[in-house]
Amino acid sequence: MGDAMTTTASRPTAPAPERRSGELTMRELLRWCWRQLTSMRIALILLLLLALAAVPGSLVPQERVDSLKAGQWKDQHETLTPIYEKLGIFNVYGSPWFAAIYILLMISLVGCIIPRTFVYWRGLRAQPPAAPRNLTRMPSHATYGTTESADVVLERARTMLRRKRYRLRADAADGTVSAERGYLRELGNLIFHLAVLVVLVGFATGSLFGYKGGVILVTGTPFSNTPTQYDDFVPGSLFRAGQLDPFSFTVDDFDIDWLTSGPRAGMARGFQAHMQYQTSPDGEEQDYNLRVNHPLTIGDTDLFLIGHGYAPVVTVRDGEGNVVWGPAPQIFLPQGPDLFSFGVIKVPDAKPSQLGFEGFFYPTFANVDGDPVNLNGDDLNPALSLNVWTGDLGLDDGTPQSVYVLDKSKATALPAKKGMETLRVDLAPGDTAVLPNGLGSITFDRVESWQRIQISQTPGKGVALLGVVLALLGLMGSLFIRSRRVWLRVTDGPNGTLVEIAALDRSGGADTDAVLSDLVAELQEEPRS
Amino acid sequence: MTDAAWSTLSNQAVAAAAVVYFLALLAYVVEWSSLRQVDRSKVLAGSGGPEVEPASDAEVDKHRDRVAMFGRLGLLLTAIAVVIHFVALLGRGMSADPNRVPWGNMYEFTLAGTFVVAALFLVMSRRYALDWLGPVVVTFVLALLMIAVVWLYDPVGPLPEALDSYWLVIHVVSAIVATGAFTLGGMTSATYLLKRRRGDRAETGLWARVPSLDKLDLMSYRIHAFAFPVWTFAVLITGPIWAHQAWSSYWNWDPKEVWAFITWVVYAAYLHARTTAGWRGRNAAILALVGTATLWFNFIGINYFSSSSQHSYAGATAPISQLDR
């Protein structure tokens, strides 16, 4: 703003437009904004804002990270939810205000780095600056007298500094040496900041062109890689279906290594999904053991084992004796590490009335003092415990429904036997329970396992990795390479030669006094001949 | 030795290390309190007050020797404690079946993290004249060891599948080393701020042991400059690589990741602030302390605020919960 005012003052006779003091033209205003934005102070404030803005996303469940948790949170906080939704708190890292901060930060970074690159380029070819007139005014300086001649001292200083990889000023004034080293420090600094942009490009490529999908497959179910086969499919905004690799696979065996002794007995240690896959429909069939930490890469696509659970195989007969469900596995969702699971079976075709079952699966069922308890995640003594609902399951009007939730708004629970509030059927494998009121029967045939396979393409991950590695290298250069200047002046005096030496550290992290005393000590050493 | 014997050895070594750290703290406290006496005798000798006999030079020297001796004793005891602390870690790793690195849950992270703080202090106390920080380091380590034993203890078990990877060595070692170094940097920055508040007055007693403001600032910067690239390596390189292998996505905005990122950004701001007019000195030191706070909040605090973290080693009963989402 100071500039603007002096301009106005220096042209008092200028005709229209009239300007009040402090008034800026558009151009000046823009320049002022640009200067502010690219100043270090604003960059610092933006950095701190970025840190602050990232906080809410770690405290409130994020829709893109865990939609299930986010949904539960919304149900629990009725007043906050609409406010948070307006503010984008459920999708912080994709919200406009978060983007605004990092885009401003990137602009600030570019605006800072480009001029510095030019300065660096010029500085690379420039000579170290001439020795200041008064070396003893430098913060770090030393003086000593010697009987050696000025030329000897100068020559030794030049050799020593060259050996220490200082660059020397070619046309230094008589009796002085100017030396500079550590040019790579600023290069490291520039590389670090440019690499941040590279990382951002890699990250953006991944989220724009990549996709992430998941599918839950009961062991033995084949999967071929088309969008319709996925349970959830989240493509980036520029993703094209043609990018999908034409592979197919089947998990034919799933093993869990359960710990049976020790303090962690009951914990699962190893999971192995043995799969057969083809990279293309007419490709050769190949084997792979899919494990946690050991993804399978087919083409550009990565496959991960990220979950597993049990799927009880059930047969349902209706009141007319027809098989209206199964025998088919139904996926139950684990409620904890012991795989005690919750699930729903919907049988809309049952007559005379639709049937819905909702309840729990116990991998290792035990009756402890009359309470049903699950002892273990291994399916040592599986049991199904279900409540039965009849009536309208809400499936007929075409509204999409989750397969894991039973719509009970128009259904009624079957009346209880004595001692129970609602009817509960408890089944071991092979058991059949006949439902009251001539509604039919349900049979628990056996247990299958299911695996959740995450399938994703992340283009640009190599770019991002390259970016962070470059950033780290640049960072280390900018932190550990010392950038310093050394000047030396010799003057002939009555008692011999007076040597003045000064050092300036430009990196702000060095003990220049120590550097200087080392240099002086080395200079004063008797030359080895 | 059997696994159970190793486990017992580890637990006893933790207790023994804590006792020796405490003895080291006592030695440091004696050193500090004697420092005050040296000052008093110096002052009295100078003024020659009428009521009290001025202390002779010999007495002052004797005092000084005693102070130095207790300082050395404190350092020696800290060194012994660090060795025992190492045995505790070793025992922890050897007692697992199969043997593994001793950082698989919060108890073990805390054990390893405090070890790094103490060991780094020993290494640097010589080179960077950090002796004066001894009492602070020992108090901190002692307090965290107590927290680990009382609240975080977990019996030894094998690693859950998700942690069973060589990235556990690379990622967690670098994270723990950076955490230890940042913690030391936080201590020097805090000392800087405290000393700054005291102003320019001539320092006596224990404050005389603390280096000048410029030296403190430089020391903090050096420690942070070491820790920051290590943290970058842990959080932005090995972390994402491992996350990609284990969780299918190299950056998930998982709460631990978010806070590691926040810590990174705050320390990046610290490094920038040191070279910015109006921010160097006090504001930079405050940023360093904010960084330390976010670091430790991420280490322990976030586990109590967010249940959706995939870094679920924090809970004793959730080793595979990330598999069951």
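Domain bounds, the start and end positions I will quote for each domain, come from an automatic or database domain assignment. For chain A, that assignment gives domain 1 (38-121), domain 2 (127-182 + 482-524), domain 3 (207-308 + 454-472) and domain 4 (309-451).

Before I go on, please keep in mind that this is a predicted model, in which local features need pLDDT of at least 70 and side-chain atom pairs count only at pLDDT 80 or more, while totals for chains, interfaces and linings use all residues. Residues are numbered from 1 along each chain as its sequence is written, and chains are lettered from A and ligands numbered from 1 in the order in which they are written.

Let me stay with chain A. The C-alpha centres of its domain 2 and domain 4 lie 87 Å apart, and the C-alpha atoms of the chain fill a box of roughly 125 × 75 × 55 Å along the principal axes. Chain A has 10 helices and 24 strands, where helices (H or I, at least four residues) and strands (E, at least two) are DSSP runs, numbered from the N terminus. The radius of gyration of chain A, taken over C-alpha atoms, is 37 Å, well over the 24 Å that the globule rule gives for 529 residues, so chain A is more spread out than a compact globule. The globule rule, for those new to it, is 2.2 Å times the number of residues to the power 0.38.

How much of chain A is buried? Buried residues make up 31% of its 529 residues, and a residue counts as buried if 20 or more other C-beta atoms, placed from the backbone, lie within 10 Å of its own.

Now to one sheet in chain A. Four strands form an open sheet in the order β5-β7-β8-β9, with antiparallel pairing; two strands pair if DSSP finds at least two bridges between them. At the edges stand β5 (222-224) and β9 (286-290) of chain A, each with a single partner strand, so one side of each is left without a neighbour in the sheet. Within the sheet, β7 (residues 248-258) and β8 (residues 268-278) of chain A pair in the antiparallel sense over 10 bridges, and Val251(A) stands opposite Met275(A) in β8(A).

Let us turn to chain B, which has 9 helices and 0 strands. Chain B is divided into domain 1 (1-48 + 59-158) and domain 2 (160-199 + 206-312), and 22 Å separate the centres of these two domains, taken over C-alpha atoms. Two residues are in contact if their C-beta atoms, placed from the backbone, lie within 7 Å, and in chain B 17 residues of domain 1 are in contact with 17 residues of domain 2. On the domain 1 side, α3(B) gives the most, with 7 residues. The residues of that side divide into 15 nonpolar, 2 polar and no charged, where Ala, Val, Leu, Ile, Met, Phe, Trp, Tyr, Cys and Pro count as nonpolar, Asp, Glu, Lys and Arg as charged, and the others, Gly among them, as polar. Of the 325 residues in chain B, buried residues make up 51%.

Finally, where do the two chains meet? In all, 53 residues of chain B are in contact with 54 residues of chain A. The elements giving two or more residues to the chain B side are α7 (213-247), α8 (255-273) and α9 (282-305) of chain B, and the largest share, 13 residues, comes from α7(B). By class, this side of chain B has 31 nonpolar, 16 polar and 6 charged residues.

Key:
A residue is buried if 20 or more other C-beta atoms lie within 10 Å of its own, exposed if 12 or fewer, and partly exposed in between; C-beta atoms are placed from the backbone.
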